[in-house]
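Here is a briefing on one protein model. Look at the sequence and structure first, then read the points below.

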Amino acid sequence: MNDLPPDLPRLRTLETWLVLTLDRVRQQIAITERLDQERQRGEQARPAISDWILEGGLNRDSPPVAVHVGGCHMAGKRWKGVPRDVALRALSEGIEV
């Protein structure tokens, strides 16, 4: 059982369509590979997560409101990574955990 057309003009048309489709697939493969490489470079260049996080108040001038362990999902949006001694000092000053 042959599902291809029997005449040459339709076979040539089918061949042209397959070549164009293959080119599109190869272009999409190249784009996807490039995006994957960019994502990997971004992950490698990402700075390390700090061991300690100070969560800031509602404005820039307000003191920190909490100390979190690095990577804590409860830290909110206004935070900055700090060294251990800064986190300990904030805790001794009464900043909540």
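L11 counts as partly exposed, at 32% relative accessibility (buried is under 20% relative accessible area, exposed over 50%, partly exposed in between; 1.4 Å probe, protein chains only). This is a predicted model: local features need pLDDT of at least 70, side-chain atom pairs count only at pLDDT 80 or more, and totals for chains, interfaces and linings use all residues. Residues are numbered from 1 along each chain as its sequence is written, and side-chain values use heavy atoms, with hydrogens and water left out.

**Helix α1**
- L11 sits in helix α1, residues 8-45 (helices are DSSP runs of H or I, at least four residues; strands are runs of E, at least two; both are numbered from the N terminus).

**Salt bridges**
- The structure holds 4 salt bridges (a side-chain nitrogen of Lys or Arg within 4 Å of a carboxyl oxygen of Asp or Glu).
- R10 pairs with D7, with the closest N and O atoms 2.6 Å apart.
- R10 is partly exposed at 48%, and D7 is partly exposed at 26%.
- E15 meets R12 at 3.3 Å, N to O. These two are 3 residues apart in helix α1, so about one helical turn separates them.
- R34 meets E38 at 3.5 Å, N to O. They lie 4 residues apart in helix α1, about one helical turn.

**Sheet**
- An open sheet of 3 strands has the order β2-β1-β3, with antiparallel pairing (two strands pair if DSSP finds at least two bridges between them).
- β2 (66-69) and β3 (79-82) are at the edges with a single partner strand each, so one side of each lacks a neighbour in the sheet.
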